[in-house]
Amino acid sequence: MTVVASPLAGRVIALDDVADPVFAGRIMGDGVALAPSDGRLAAPVAGRIEKLFPGGHGVAIETPDGLQVLVHLGLETVQLHGDGFTVHAAEGQDVQVGDLLVTADLDRLHDLGVDVTSPVVVISGQSLTVVGTGEVQIGDPLLEVALQES
């Protein structure tokens with residue numbers, strides 16, 4: 001069992017309640033979403049940043065045992081082209097749980113009319129259990145993922 005830590009401080013939201021059919025329909029993978037109370041996005045797992053989306057609105061990290069976690073800061077944020085985001089990491093970088101990756105200016109995003117609901121999904125297909133509920137802080141257990149024995 002691998003624990004995925006909360007990458008953001010905020011309130012846990014069921015993926016079913018996310019106002020984006022791709023995430024709510026689990027097309028990208030299973031997980032939860034967070035309503036962030038703070039704009040700091042930290043690494044939810046230790047591994048390598050496999051994808052850092054241009055502008056910093058999303059990041060995918062892969063652990064050494066093949067678990068891939070995607071964190072998407074807000075919904076429909078690709079169209080912002082980085083407006084409201086400060087990137088602190090780079091694609092290909094090795095990270096530890098809690099390392100600061102991106103800072104989002106939540107006030108700026110609200111001013112732009114952005115839904116800041118932030119999905120955290122396992123994109124590598126493993127089954128998971130949601131363990132984080134209510135209000136969480138960065139680093140609190142959020143998901144437990146069952147990894148396949150090799």
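**Close-up views of a predicted model**

Strand β6 is mostly covered, with four of its five residues buried. The model shown in these views is predicted.

View 1. Strand β5 spans residues 47-52 and is joined to β6 by four bridges. The two strands run antiparallel. Which residue of β6 is the bridge partner of Leu52? That partner is Val59. β5 and β6 make a hairpin with five residues between the strands. Within this hairpin, Gly55 takes a positive phi near 90 degrees.

View 2. Strand β6 covers residues 58-62 and pairs with β7 in the antiparallel sense. Five bridges make up this pairing. Val59 has Val71 of β7 as its bridge partner. Five residues lie between β6 and β7 in the hairpin. Gly66 sits in the turn, with a positive phi of about 95 degrees. How many residues of strand β7 are buried? Four of the five residues in this strand, residues 68-72, are buried, so β7 is largely enclosed by the rest of the structure. On one pairing, β7 meets β6 over five bridges. On another, three bridges join β7 to strand β11, residues 118-122. β7 and β11 run antiparallel. Val71 has Val120 of β11 as its bridge partner.

**View 3. Strand β3 beside β11.** Strand β3 holds residues 30-36. Five bridges join β3 to β11, and the two run antiparallel. Val32 stands opposite Val120 in β11. Val120 is also the bridge partner of Val71.

**View 4. The eight-stranded sheet.** Eight strands form an open sheet, with antiparallel pairing. Their order is β9-β5-β6-β7-β11-β3-β2-β13. Which strands stand at the edges? They are β9 (94-95) and β13 (135-136), and each pairs on one side only. In a regular strand, side chains alternate between the two faces of the sheet.

View 5. Thr77 lies in the loop between β7 and β8, where β8 is residues 85-87. Is Thr77 buried or exposed? Its relative accessibility is 1%, so Thr77 counts as buried. The cut-off for buried is under 20% relative accessible area. Leaving aside neighbours within four places in sequence, Thr77 is in contact with His57, His72, Phe85 and Val114.

**View 6. A nonpolar patch on the surface.** Val22, Ile27, Met28 and Ile123 form this patch. Together they have about 320 Å² of accessible area. Ile123 is placed in the loop between β11 and β12, where β12 is residues 128-130. With 30% relative accessibility, Ile123 counts as partly exposed.

**View 7. The three-stranded sheet.** Three strands form an open sheet in the order β1-β14-β12, with antiparallel pairing. β1 (2-5) and β12 stand at the edges with a single partner strand each, so one side of each has no neighbour in the sheet. Neighbouring strands of this sheet are turned by 25 degrees against each other on average, direction ignored. Strand β14 is residues 141-145 and pairs with β12 over three bridges. Leu128 stands opposite Val145 in β14.

**View 8. Thr2 in strand β1.** Thr2 is found in strand β1. It is buried, with a relative accessible area of 18%. Which residues does Thr2 touch, not counting those up to four places away in sequence? They are Asp65, Leu67, Leu143, Glu144, Val145 and Leu147. Thr2 and Glu144 are 142 residues apart along the chain. Their C-alpha atoms are separated by 5.6 Å.

**View 9. Gln148 after β14.** Gln148 lies in the segment after β14. Is Gln148 buried or exposed? At 68% relative accessibility, Gln148 counts as exposed. Gln148 and Val12 are 136 residues apart in sequence. In space, they are 26 Å apart, C-alpha to C-alpha.

Key. Residues are numbered from 1 along each chain as its sequence is written. This is a predicted model: local features need pLDDT of at least 70, side-chain atom pairs count only at pLDDT 80 or more; totals for chains, interfaces and linings use all residues. Side-chain values use heavy atoms; hydrogens and water are left out. Buried means under 20% relative accessible area, exposed over 50%, partly exposed in between (1.4 Å probe, protein chains only). Two strands pair if DSSP finds at least two bridges between them. Contact means heavy atoms within 4.5 Å. Patches are made of residues with over 30% relative accessible area and no salt bridge: like charges are joined within 9 Å, nonpolar side chains (Val, Leu, Ile, Met, Phe, Trp, Tyr) within 5 Å. Accessible areas come from the Shrake-Rupley method with a 1.4 Å probe; for residues, only the protein chains shown count as cover. A salt bridge is a side-chain nitrogen of Lys or Arg within 4 Å of a carboxyl oxygen of Asp or Glu. Axes are lines fitted to C-alpha atoms, for helices over the stretch in contact, and angles run from 0 to 180 degrees between N-to-C directions.
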